[in-house]
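Morning, everyone. Please bring up the structure, and we'll walk through some of its parts together.

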Amino acid sequence: MVSINCALRGLVAGGIVSLIFLSTTPPVRAQQEIDVCLKSGVVIRALRVEAHDNKFSFYPQGGGAPIEVAENLVKGIGVPCDGATQPSPASAAAATLKFGIHGSNTIGERLMPLLIDTFSQKKYGARAIVRQKAPEVSEIEIRPANSAQPIATIDFQAKGSGTSEPSLVDKQAEIPTVIGMSSRRANDKEVKEVHDLFNIDLLTAGNEHVLALDGIPVIVNPGNPIRQLSLEQIAKIFSGEISNWRDVTYLNASGQEVPGPDLPIKVHARDNKSGTYDTFVNLVLAPPDQPKRQLTPQAARYESSENLSDAVAKDPGAIGFIGFPYIKKNTALLIASSCGMLSAPSKFTVKTESYPLARRLYLYTLGEPNIPMARDIMQFAMSDEAQPTIIEGEFIDQAVEFQDANDQRQWRLTLMANPSQGLASDKTVAVTTVRSFDAALQKLRRSTVVFRFDYGSSTLDAKVVDDVGRLARYLQSPGIAGKRFELIGFADSSGNWSSNLQLSTDRAQRVANELKAHGAAVPDGSVLGMSYMAPVACNDGPAGQAKNRRVEVWIAP
C-alpha cells in the first residue's frame, strides 16, 4: 500500500491531487471513482481529492459537499484497501457527519445540549441521544424519528473555555471539524495562533459568534446583611486582603453605616479551566491598567457551577461568583462604581451590557463549518427561533425587550436632576441636549438593543452583524412595523462636547444605514446624538469608556 506520508508528500503543495498518480496500478480514466482507505476501516469512493492544511477533501460521485478528513486518519488513496470494509452509503455518511463541539463548561453544562436537542426535535422529529463517556465528555447522536441509524455523531466536551481554541486548531485531532464554546472572548494568544496557522482573524463576524449573554453576579449567603460592594472591595475579598465581614461596612435599615457580621469570609471560585473564572480575573482581579491581584490560595475551587452555588448557600460567611443561572437561593450583590453609580444584576443591565460584570458567551469556528449538520446547528443556535431555548437554559437571550417602565422613569428623573452624573467636574452638558433627551424618553421606551463602537470610531463591533439583522426583523414585525423609533448615539467623555456630539451622531447614522441595508425603513429625524451625556459606566478606564461608546434604540410603546 502506498503510504499517505510518502506518496502524497510532493503533491500536496499543488492543491488539487490527481488520483491517477497515487496508485501503483495502471492509470484510471478521468471521472472514474477511486477508493480512499481510512484507518478506521471505512472506504470512501471519490472522483477527486483536494489537499490543504493537513487535511483532504474527497469529492463523491454526483456532486454535493466534499468529505473532509484529517491527513492522519487516511491510510491510503487509489490503492487496494486490504482488510477494509467496503463502503456503504450509511458508512460514508457517518464518516462525513462526525464533528466536535468543545469548550466552555458554562455553555456545555446545560445550554448547548438543550440547543442541540431542540434543533433535533424541530428538524428530525426526535430527541438527541446523549451518552456520557466521562466527566464533561459525552457523545450526542442525532437520529431521524423511527430510525436506528444516526445521521450525525457529536463529540461533546465541556472541559472549559481554555480548551476551545486548542480543539479548533488541533491538526492531529480525530475529529477535524470542531465548534468552540467559550464564556470569554478569545485572548491575544489564541487569536495569534489561529492567524499564524490559518491566516484567519478569529474575531471577525464569520468566525466569532455571540450565542447568548450572561452576567457574573457576586453572590453571598442569603443570611448575610451585605447588599452591595465596590469592585475594589470584591477584589480585596477574593485576593484575601479582606478576610472577615466585620471589615466591610454597609447601610442598615436606618441608613446608618455599620460593619458587617464578625464572620470569617470563605471564598468560593471556579477552577482555572473555566471561562467564568477567566472573565472574573479580567474584570475584577486584574483589569487593564489596575493593580494585579491573585485569587487567595484559601479559595475553594469548583469545576461545577451548580456545586459552587450550593456551597455558598450552606455557608453563612461565603462569597462566590457565578453565572446568572446559578444564583439560586443566594443574594446577588449590587456593584458600586468609583463614580457613584450603582448597578444591579438584571436581565436588562446584562442585555445592554451596562452591568459591570456582564459578559458575552461565544461560539467560535474557522469560517463556516464544512460539515452540513455542524453548519445547521450553528445557524439554529444563532437564530431568532433559538432564543426561547436560551431562556430555558437560564441564560440571557438577545431578543428585543424593554426596560421596566418604573426603572426607566426613575433613571430619567435621576438623570434630569443631575445631567452630569458619572462625568468629571470639568464636563458640562448642554441644556438643549438635556431637553431633547427628556422629551424622547417620555415618549419612547428604551430597548435592550445597544450597538457599541471602537474608540474614536463609528465602526461597529463584530456582534453588530447579528444584532442589526435581528433589529431589522423586529422593526418590520407585526405590531411593531410603522411605530416611531429613534437611534440615540453616545460617546465616552474623552474630548470636548462638540466633537463627541458629532461622533455620537455619526454612530447613530451608521446604524441607520445598516438597518436600511437590511430592508428596514428609517424615517427622517430618527437619528439623534447625545455626546457624552448619560454614561452607563464610569469613564475612568478603558472598560467603562467602551460601554459608553454606543447607540441605543428607543421605540414607541
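Helix 7 is followed by Gly240, and the phi of Gly240 is positive, near 95°. A word on naming: helices (H or I, at least four residues) and strands (E, at least two) are DSSP runs, numbered from the N terminus.

Now the ground rules. This is a predicted model, where local features need pLDDT of at least 70, side-chain atom pairs count only at pLDDT 80 or more, and totals for chains, interfaces and linings use all residues. Residues are numbered from 1 along each chain as its sequence is written, and side-chain values use heavy atoms, with hydrogens and water left out.

Back to helix 7. Which of its residues are buried? They are Ile234, Ala235, Ile237, Phe238 and Ser239. Buried means under 20% relative accessible area, exposed means over 50%, and partly exposed is in between, with a 1.4 Å probe and protein chains only. What covers these residues of helix 7? The cover includes strand 14 (218-220), strand 15 (228-230), strand 18, helix 8, strand 20 and strand 22 (334-336).

Take helix 8 next. Two packed helices are described by the angle between their axes and the distance between the axes. The axes of helix 7 (residues 231-239) and helix 8 (residues 275-285) come within 9 Å and cross at roughly 120°. Axes are lines fitted to C-alpha atoms, for helices over the stretch in contact, and angles run from 0 to 180 degrees between N-to-C directions. Helix 7 and helix 8 are therefore oblique to each other. On the scale used, under 35 degrees is roughly parallel, over 145 roughly antiparallel, 65 to 115 roughly perpendicular, and the rest oblique.

Who meets whom? From helix 7, Leu231, Ile234, Ala235, Phe238 and Ser239 meet Phe280, Val284 and Leu285 of helix 8. By class, that contact has 7 nonpolar, 1 polar and no charged residues. Nonpolar covers Ala, Val, Leu, Ile, Met, Phe, Trp, Tyr, Cys and Pro; charged covers Asp, Glu, Lys and Arg; the others, Gly among them, are polar. Contact itself means heavy atoms within 4.5 Å.

On to strand 18. Strand 18 (residues 266-270) has 4 of its 5 residues buried. Strand 18 runs parallel to strand 20 (residues 318-321), with 3 bridges joining them. Lys266 has Ala318 of strand 20 as its bridge partner. Strand 18 also pairs in the parallel sense with strand 19 (residues 300-302), over 3 bridges. There, His268 is partnered by Ala300. Two strands pair if DSSP finds at least two bridges between them.

Val220 is buried, at a relative accessible area of 0%. Leaving aside neighbours within four places in sequence, the contacts of Val220 include Trp245, Ala318 and Ile319.

Next, the charges. A salt bridge is a side-chain nitrogen of Lys or Arg within 4 Å of a carboxyl oxygen of Asp or Glu. How many salt bridges does a search of the whole structure find? The search finds 33. One of them joins Lys123 and Asp376, with the closest N and O atoms 2.8 Å apart. Lys123 lies in helix 4 (residues 111-124) and Asp376 in helix 11 (residues 372-381), so this pair ties together parts 253 residues apart in sequence. Lys123 is partly exposed, at 44% relative accessibility. There is also a network of salt bridges, linking Lys347, Lys351, Asp397 and Glu401.

Another pair leads to our last stop. Arg446 and Glu552 meet in a salt bridge, 2.9 Å from N to O. Arg446 is in strand 25 (residues 445-452) and Glu552 in strand 28 (residues 550-555), so parts 106 residues apart in sequence are tied together. Buried or exposed? Arg446 is buried, at 6%, and Glu552 is buried, at 2%.

Those strands belong to an open sheet of 4 strands, in the order 25-28-26-27, with mixed pairing. Strand 25 and strand 27 (527-529) are the edge strands, each pairing on one side only. Strand 25 and strand 28 pair in the antiparallel sense over 5 bridges. Helix 15 packs on the sheet, touching strand 25, strand 26 (485-490) and strand 28. That's the tour, thanks.
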